[in-house]
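Me: Hi! I have a structure open and would like to talk it through with you. Could you look at it with me?

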Amino acid sequence: MILHYRGKFPADKEIIAIIGPRGPSNNCSAEIIQHQRDCAMAYELARQAAKKGIVILSGLASGIDTAAHLGCLDEGGLTVAVVPFGLSAPVYPPESEKLAKDIISYGGCLVSQFAPEQPAVKWTFVARDKTQAMLSDKVLVVGTFPPNGVITGGTKYCARWARKLGKPLYHYRQIGNSFVVLRDKEVLIQE
């Protein structure tokens with residue numbers, strides 16, 4: 001696999017992927033509120049990791065990814081966005097264009113495995129998820145995934161690859177009024 005970079009990849013530093021859903025699975029108010037809490041937690045976890053010099057890697061998507069990138073940048077840390085498009089194609093989602101520029105201008109980078117003009121399409125997201133797992137030392141999924149906490153959606157692909165590659169895999173989710181951390185075999189991923 002050939003990787004293309006815009007910016008400088010921090011190969012000499014510890015890298016933790018913080019990933020999760022873009023939004024709630026449905027638009028009921030309880031799930032919207034829960035997703036907002038999950039995004040706040042992703043932001044704080046990324047901020048705390050950046051404070052320790054750990055690089056945060058995510059996918060530039062809305063929701064958890066954006067929260068993780070912003071938490072890292074707000075703490076002055078380095079963040080890497082593994083993107084589902086070629087580096088000459090339009091940024092996806094379009095609302096992340098400023099974030100992509102900020103990541104580079106603050107010393108981080110964008111990484112793509114795709115031809116420069118490749119737009120973001122369904123298969124590029126799934127392919128990108130493997131690269132996220134490959135480039136990370138650990139993968140942390142942040143998201144409650146109602147009703148039963150099983151990781152679903154696009155997030156499941158990166159979590160599956162982390163498991164296949166033998167990377168430490170964590171799932172940070174809310175149960176009742178507390179956030180808990182599940183690790184490795186405790187993490188439930190939709191088949």
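Me: Where is the place of T155?
Reply: T155 has its place in helix α5. Helices here are DSSP runs of H or I with at least four residues, strands are runs of E with at least two, and both are numbered from the N terminus. Before we go on, this is a predicted model: local features need pLDDT of at least 70, side-chain atom pairs count only at pLDDT 80 or more, and totals for chains, interfaces and linings use all residues. Residues are numbered from 1 along each chain as its sequence is written, and side-chain values use heavy atoms, with hydrogens and water left out.

Me: Is T155 buried or exposed?
Reply: T155 is buried, with a relative accessible area of 8%. Buried means under 20% relative accessible area, exposed means over 50%, and partly exposed is in between (1.4 Å probe, protein chains only).

Me: And what does T155 touch?
Reply: Leaving aside residues up to four places away in sequence, T155 touches I19, G20, P21, V141 and F145. Contact means heavy atoms within 4.5 Å. T155 and V142 are 13 residues apart in sequence, and their C-alpha atoms are 9.6 Å apart in space.

Me: OK, at what angle do α4 and α5 pack?
Reply: Helix α4 (residues 122-135) and helix α5 (residues 155-164) pack at about 40°, and their axes are 8 Å apart. Axes are lines fitted to C-alpha atoms, for helices over the stretch in contact, and angles run from 0 to 180 degrees between N-to-C directions. α4 and α5 are therefore oblique to each other. For the cut-offs, angles under 35 degrees count as roughly parallel, over 145 as roughly antiparallel, 65 to 115 as roughly perpendicular and the rest as oblique.

Me: Which hand does the crossing of α4 and α5 have, and which residues make the contact?
Reply: The crossing of α4 and α5 is right-handed. The near helix is turned clockwise from the far one by less than a right angle in a right-handed crossing, and anticlockwise in a left-handed one. On the α4 side the contact is made by V126, D129, K130, Q132 and A133, and on the α5 side by Y157, C158, W161 and A162. By class, the contact of α4 with α5 has six nonpolar, one polar and two charged residues. Here Ala, Val, Leu, Ile, Met, Phe, Trp, Tyr, Cys and Pro count as nonpolar, Asp, Glu, Lys and Arg as charged, and the others, Gly among them, as polar.

Me: Changing topic: which residues touch the most other members of the largest nonpolar core?
Reply: That would be V80 and L169, in a core of 22 residues. At least two residues of this core come from each of β2 (15-19), β3 (55-58), β4 (79-82), β5 (109-112), α4, β6 (138-142) and α5. A nonpolar core is a set of buried Ala, Val, Leu, Ile, Met, Phe, Trp, Tyr and Cys residues joined through side-chain atoms within 4.5 Å. There is also a second, separate core of 18 residues, which includes A42, A67, L140 and Y170.
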